Amino acid sequence: VHAGVTRPALATLTATLVVASGCGSLATAPGPERPQAAHDELTEQAIARLGLDEAKLERRAAIGSKPHGRHSIYIAPKKGGGACVLVVTDDRLGAGCNPVLFGEHDVAFVESSQGGPTARATTELRLAGVASPRVRSLEVELSNGLRAQVPLTAGNAFLYEAAVSDLRDGVVPAALHAFKGGGRQIDTIPLGSVPPA
Amino acid sequence: MGPTVAIAALVWAAAAGATVTRYYGPAVLVPGAGGGSAYDTPCERWVANDMVRSVPSLGTVAFVDLWGGWHDTLKSWGTETLQIASRTIWTKKAHCYNSWSAAYWANCSRGSVFINTCTPA
C-alpha cells in the first residue's frame with residue numbers, strides 16, 4: 001500500500017531525484033547520478049522513520065575526510081522506548097537500534113559496505129559507532145586473526161575503515177573487542193557471517 | 001514475537017508518512033537466510049531498507065543489483081537495522097539477511113519515492 005509522500009525532506013529528495021535522473025532510462029548500476037544529499041536531509045528522514053526524540057539527538061563525532069567523506073555519528077533515544085546509533089554521510093544513513101543502547105554489548109555500531117555479498121567482492125567496508133562510557137579502548141579482529149586498534153574520540157565514538165588490500169584478500173572484520181581501563185577486556189562482539197560465494 | 005515485529009514496522013510507516021511496504025515477514029529467518037523484495041522501477045525507486053527483529057541480534061540489509069551484487073549494505077546489532085540511501089536511480093531489490101548465529105522473527109520493509117517524470121519500463 002503506497003501513501004503519499006508528505007515529509008518535506010522526502011519530497012525534496014524526490015524532487016532532486018526527478019531533476020537528476022533523466023527518468024525513463026533503466027540504469028543498471030549505482031553511480032554518481034545526482035548531487036549529494038545533505039546530512040540534515042537524511043537525518044530528518046531517519047528521525048521520522050525511527051520515531052527518534054529529536055531534542056535528544058546527540059552528535060558524538062564527525063570523523064573522516066575525502067575520498068569517503070565525513071561520517072557524523074549520533075545517538076538518540078526513541079520516543080517510544082529504545083535508542084539508536086546513526087551514522088550519516090553525504091549520500092547515505094545507517095541506523096542500528098535496540099531497546100537498550102548498551103544492553104547486551106558495550107558498543108553500538110553499524111557496519112556499512114559496498115560490493116558484496118562475499119568478502120572478496122566487497123570494495124568498501126566501515127565500522128562506526130559509539131562505545132559505552134566504561135570502554136577505554138577498542139580493537140577490531142580481522143578474519144585473518146590480526147587485530148587493529150580503533151581510536152576513540154572524546155565522545156567515545158569511532159570509525160574503522162577496512163584496508164582495500166585486506167578486502168582484496170577477502171579479509172574482513174570478524175569481531176569487535178572492548179577494553180576498560182587497565183586493558184581488561186570487557187566485551188567481544190562477533191560480527192557474524194557473510195553469505196557464501 | 002511476530003506481532004511485536006509487525007507493530008514496530010507499522011509505527012515506522014506512520015511516523016515517516018512516506019511510501020513503506022513490507023516485503024518479508026513477519027516470519028522466522030534462520031542463520032544465513034534472507035528475504036527479498038521485487039525490483040524497483042523507473043517510476044518508483046527504493047530508497048530505504050529496514051529490518052526489525054524479535055530479539056537483539058545481528059541483522060543485515062542490502063540493495064541487490066540485477067547481477068546479484070550488494071550495495072548500501074548495513075549490518076547492526078540490536079532489534080532494528082535501517083539504511084537510507086540517496087543514490088537511488090539504478091535497478092535494485094531490497095534484501096534482508098540473518099547474519100547472526102540463531103534464528104529470529106523478522107519483518108523487513110522498503111521505503112520508496114515516486115519519480116514523477118519517469119517513463120514506465
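Author: Welcome! One thing to keep in mind from the start is that this is a predicted model.

In other words, chain B has one helix and six strands. This chain has 121 residues, and 66% of them count as buried.

Now to the part you picked. Strand 3 of chain A covers residues 83-88. A:Ala83, A:Val85 and A:Val87 point one way from this strand, while A:Cys84, A:Leu86 and A:Val88 point the other way. There is a simple background to this pattern: in a regular strand, side chains alternate between the two faces of the sheet. Both groups of strand 3 of chain A are buried. With six of its six residues buried, strand 3 of chain A is therefore largely enclosed by the rest of the structure.

What lies beside this strand? Strands of a sheet pair through backbone hydrogen bonds, in either a parallel or an antiparallel way. Strand 2 of chain A, residues 71-77, is joined to strand 3 of chain A by six bridges, and the two run antiparallel. Within this pair, A:Pro77 stands opposite A:Ala83. The two strands form a hairpin with five residues between them, where A:Gly81 takes a positive phi near 105 degrees. Strand 4 of chain A is another partner: strand 3 and strand 4 of chain A pair in the antiparallel sense, again over six bridges. Here A:Val87 stands opposite A:Gly94, and three residues lie between the two strands of this hairpin.

Strand 4 and strand 5 of chain A are the elements that give two or more residues to it. By type, the lining residues divide into seven nonpolar, two polar and no charged.

Side chains of opposite charge can pair when their charged atoms come close. The structure holds 14 salt bridges over all chains. In one of them, the side chains of A:Arg134 and A:Asp106 meet, with 2.9 Å from N to O. This pair links distant parts of the chain, 28 residues apart: A:Asp106 sits in the loop between strand 4 and strand 5 of chain A, and A:Arg134 in the loop between strand 6 and strand 7 of chain A. A:Asp106 is buried, at 9% relative accessible area, whereas A:Arg134, at 44%, is partly exposed.

A second salt bridge joins A:Arg147 and A:Glu139, their closest N and O atoms being 3.1 Å apart. A:Arg147 counts as partly exposed at 42% relative accessibility, while A:Glu139 counts as buried at 15%. In chain B, a salt bridge joins B:Arg45 and B:Asp40, with 3.0 Å between the closest N and O atoms. B:Arg45 is buried at 1% relative accessibility, and B:Asp40 is buried as well, at 5%. Salt bridges that share partners also join A:Asp91, A:Arg92, B:Asp72 and B:Arg87 into one network.

An open sheet of four strands has the order 8-7-10-11, with antiparallel pairing. Strand 10 of chain A, residues 173-179, runs antiparallel to strand 11 of chain A, and five bridges join the two. In this pair, A:His177 stands opposite A:Thr188.

Technical notes
Residues are numbered from 1 along each chain as its sequence is written. Chains are lettered from A and ligands numbered from 1 in the order in which they are written. This is a predicted model: local features need pLDDT of at least 70, side-chain atom pairs count only at pLDDT 80 or more; totals for chains, interfaces and linings use all residues. Side-chain values use heavy atoms; hydrogens and water are left out. A salt bridge is a side-chain nitrogen of Lys or Arg within 4 Å of a carboxyl oxygen of Asp or Glu. Buried means under 20% relative accessible area, exposed over 50%, partly exposed in between (1.4 Å probe, protein chains only). Ala, Val, Leu, Ile, Met, Phe, Trp, Tyr, Cys and Pro count as nonpolar, Asp, Glu, Lys and Arg as charged, and the others, Gly among them, as polar. Two strands pair if DSSP finds at least two bridges between them.
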